[in-house]
Every structure is written in C-alpha cells, then in structure tokens.
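Q: Could we go through this structure together, please? I would like to begin with the overall fold and then turn to the ligand.

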Amino acid sequence: MIFNMANVCKNYGNTEVLSNFSTSVEMEEVVCIIGPSGCGKSTILNLISGLAEPSAGEVANYSTAISYVFQEDRLLPWRNVYENIHIVNQNCSTKACLSLIKDVGLQGFEGYYPSELSGGMRQRCSLARAFNFEADLLLMDEPFKSLDYNLRIEMISLLLKLWDSTRKAIVFVTHEIDEALLLGDRILLLSSRPTKIVKEFKITAPKKCRKLADLQMVQIRSEIIKSFQAGI
Amino acid sequence: MKNFTTNRIWSAKSKKKLAWSGQQKPVKLESILLFAVILLCWQGLSTFYTPLVLPGPVLTFKSLMTIFQSDLLFSETLISFKRLMLGLMGAVLVGSVVGIIIGLNQRVRRLLEPLVYFVQSMPPILYITLAMIWFGLNGQATIFIVFVASVPIMVVNIKEGFDNIDIKLIQMGRVFKFSKTKMIREIILPSLKAYFKSALIIIIGLGWKVVVMGEVLSASTGLGSRITDARMNLQTDMVFAWGIIIILLCYTSQKVISALFNLSTARKQYDL
Ligand SMILES: Nc1ncnc2c1ncn2[C@@H]1O[C@H](COP(=O)(O)OP(=O)(O)OP(=O)(O)O)[C@@H](O)[C@H]1O
Ligand SMILES: [Mg+2]
C-alpha cells in the first residue's frame, strides 16, 4: 500500500466536501476516479499530495515523493518549456529532457514561454514535467483535457508505456469513461457532494491488450453511464 | 523545427532584443503637432508679460544653450545624481528587505505596517525641515529626504507583490520539492519583479523632484541650487531652463529603468 485515507472529512467553511471518505492505493496500481464536477476529485488529490489537510480522519502516505499533473497547468510563466520541465529534476540530462519533450509532441517549442502555447500544449508541458519528477506516486487531474482525439490516444499509450517501465502508482482523475477503462486497475465512481464512492470496478485484463469493445469494458461502461443517468 | 540543437533552447534570448526594438513606435505626427501648439501658446502668452514673469520659448532656449555650453550642466547634474542615487540605493535596499520581511512574516507585518503608512503620510516639507535641522545646509539633508520619501513606496509595493504571488505556483513548488532558495529564486522573486519595477519607476521620478526640492531649500550645490541662484538673480528664463533639464532627466531615467526591465522580459509580456 502506498497511500491510505480512512474516514476523512474535509470541509471548506460550511461546504462539506468529503465526509467519512475512505480509500487506498496499492503499489503499482492505477486508480481512476470519475465523478460529477465539483464533487471533490481535486480535493482528494490535494489531500493525497499533502497540499490540503483533512478536517478529520487519517491520511497515511507511504510514498517517498509524489508527482502531480495539476488540473491547471501551473507552469512558471517566466520559464520556457524546456526550463519548466527541467526544473523539477536538475539531474535530468538535456537529452533525456528533450526526448520527453518529444514524447509529448512539443518538439520545436522548447524555447517557448507558457503564454505562447495553446492550452493543450501547456497541459502537455505540465504532463512532461510531472513525468520528469522522480516519484513513486503520480497524481493526474484531468491530464488529457483540451487534447484532440489523436493526441489523447497518443498520451494514453505514452502513459501506459511509462507505467510499464516504472510501475508507479497512479491516481487518475478524469471525466472520460474510456480513459478510465483503458488505464485503470480500479475505477472509483463518486457521487456528488457529500461525496461517496458509489461503485468500485476492478478491471483485471492487462492494460496493454485492452480493447474498448471487450465484454467487460462494455459492461462497466454501461453501468457507469447508467449511474450518471440515474443522477449520482 | 525537427533538427533540434540545444542552442535552440536559449535562442529565446537572442529574440528578446528584436521584440523590444519592435515595440518602439515612431513619433507620431499628432504629438509633433501638439508640441508645436503648446510652444505657440507659450510664445503667445509670453508677449503679454515681461520676461521676468514669463520668459518666452526663444529666451528659454537661449538660456538652455548657455547652460549646455557651460561646465555647470555636467557638474551640477552629477552632484544631484549622486545624491539621488545614494538616497535611492538606500531606499531600495532597506525598502526591499523590509518589504520582503513584511511579506514573509505576518507578525512583523502587523508591527511594521502602521509605521510604514505613518512615514508615507508625512508631508515631504516636514522631513525636509527636520533634515535641515539635523544635517544642516548640505547634501546630506537631500540624500536623507530622498531616502525617507522612497522607502515606504518600496515597502508597500514589495508587500503588494507578496500578496499577489500565485499560491498555486507555491503549491507546485512544494509538490516538486523545491528547496527554499529555489522557491525564492524561481517563484517569489520573479513574481515580485513587476512590483519592483513599478516601485523603482515611481521612486526615481519622485526622487528627482525631491532632490531638487531639497537642494532649492537646503543646498548650495546641485541642480536645485541653480534654480535658487537664478531666482535670486531674477533670471526667470534660467529657472525655466533648469526646470526643463530636470524634467528631461526625470523622464529619461524613468524610461531607462522601464527599458532595462523590458529588455529582460520582452518575450514574456503576452497576456496569460
Ligand atoms: N480552496 C477552496 N476553498 C473553498 N472551497 C473549495 C476549495 N477547493 C475546493 N472547494 C470546494 O470543494 C468542492 C470540490 O472541489 P474540487 O475542486 O475538489 O471539485 P472537482 O471534483 O475537482 O471538480 P471538477 O471536476 O470541476 O474539477 C467544490 O464545491 C468547491 O467549491
Ligand atoms: Mg477538479
């Protein structure tokens, strides 16, 4: 186990975001979180990363370092793409850094500043930065939003490749059911506030050879959609 | 695009100059016209008064030439400039340190903030008078008043900068385990830069005015003392001429500061 939270409550003023929320993340596990907007997904990631403190309950973090793809890119406006990625890991060689930039499709833009990039490019820069940081737990908050279909597919396979070679535990927040189906060992379906885990799906098929048309995938997918339609 | 060399990463730097020179617009016809109209009005008005009350542009220009031909211009400007710089350097140093401490520490802020506003509320004539009593009629009084006038502006601006640091970037730094120095160098200082710049532009403008005011009242050297001399000798045209020189100095130094900062941020000025 790399992370565990038990009976966690989180309030912001009078809004109760989480109450008695418990979950855990195992080593090498990819946990996908799906839930309505505003239900507290980012809050959960902030609790895991230690950026937010629980109002009550226990949070236990056994990781040595956590990397985070924030919901917003949070790049340094005064640093260019290369510097923004290099800065989190100064031991990283120029070559490794450049190949990472190439992986996320930003080659040719190394010298550009965040303000000169599109939203999706900034997002990919932030993705590369998170990959460059040496950590055993990776938090990703809607990392592929504002990317087109092809890029999304590319980024998913990049993430799978990365996971295959490093076996980092990943917590992946998304609104796209397909992303969760392709990446997750476990999918947590959250309700709106006060947030509970409505359903938990386990996907046993190895990530490399999953197809969205597989029976298990289709079933899980229709269940998730049903829950959404029922209004969670 | 594809053949990437490490040089490309830094190529941004070479583009900075280009971007900056691109920003300079040619002087517009309108502004030349406006300037001509003002000169004409001045000329027209001056015909109604004796040169003792309102010297015309021609006479002023002649006096300006006399000043340019004498050694006085350089030596007096240098004296005033030295005083200005000493006062400002002190203010920048003390102001930045106090501003940063106030920004970092809430307790110190509660303690020092009222004091800063107290100093800022003091009318300049009050501390000029005090400076004359304390330091006598020489340059020290001038340096002192530049310092006192500028410190609170520096502090308030730096503090404002601290209040506007993006907490999300700080959080990012925390997640990626930035050391304290890295946090300061990569996030805090760059965030303060714009505020530092505006403070510097304000105090250098204010500084020239205060230096001259101090010299008019308390010194026998420097640009201000020339104005006093001219007044005593009933040379209003000289008062005008020195005035124009001071305005130009003030304006130019503000522009220089602004340009220096733009030089280093030219590529980052796009809206976020
Ligand atoms: N810093 C904060 N101060 C006050 N309230 C907050 C804060 N952060 C989050 N909240 C509240 O917590 C709730 C959950 O926010 P959170 O950002 O976790 O939602 P989310 O599930 O990530 O939504 P989205 O899918 O839109 O990103 C929201 O109702 C929000 O108003
Ligand atoms: Mg969110």
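**Fold and ligand site**

A: Chain B has 11 helices and 0 strands, where helices (H or I, at least four residues) and strands (E, at least two) are DSSP runs numbered from the N terminus. This is a predicted model, in which local features need pLDDT of at least 70, side-chain atom pairs count only at pLDDT 80 or more, and totals for chains, interfaces and linings use all residues. Residues are numbered from 1 along each chain as its sequence is written, chains are lettered from A and ligands numbered from 1 in the order in which they are written, and side-chain values use heavy atoms, with hydrogens and water left out.

Q: What share of chain B counts as buried?

A: Of its 272 residues, 40% are buried, meaning under 20% relative accessible area (1.4 Å probe, protein chains only).

Q: And which residues come nearest to ligand 1?

A: A:Ser37, A:Lys41, A:Ser42, A:Thr43 and A:Gln71 come nearest, out of 13 residues around ligand 1; a residue is near if one of its heavy atoms lies within 4 Å.

Q: Which helix gives the most to that shell?

A: Helix H1 of chain A, residues 41-49, gives the most, with 3 residues.

Q: How far is the polar side-chain atom of A:Gln71 from an oxygen atom of ligand 1?

A: The distance is 2.7 Å, a polar contact being a pair of N or O atoms within 3.5 Å. For A:Glu142, a polar side-chain atom lies 3.5 Å from a ligand 1 oxygen atom.

Key: Polar contact = N/O pair within 3.5 Å; in protein donor to acceptor, adjacent residues only side chain to side chain. Buried < 20%, exposed > 50% of the residue type's maximum accessible area, 1.4 Å probe, protein only.
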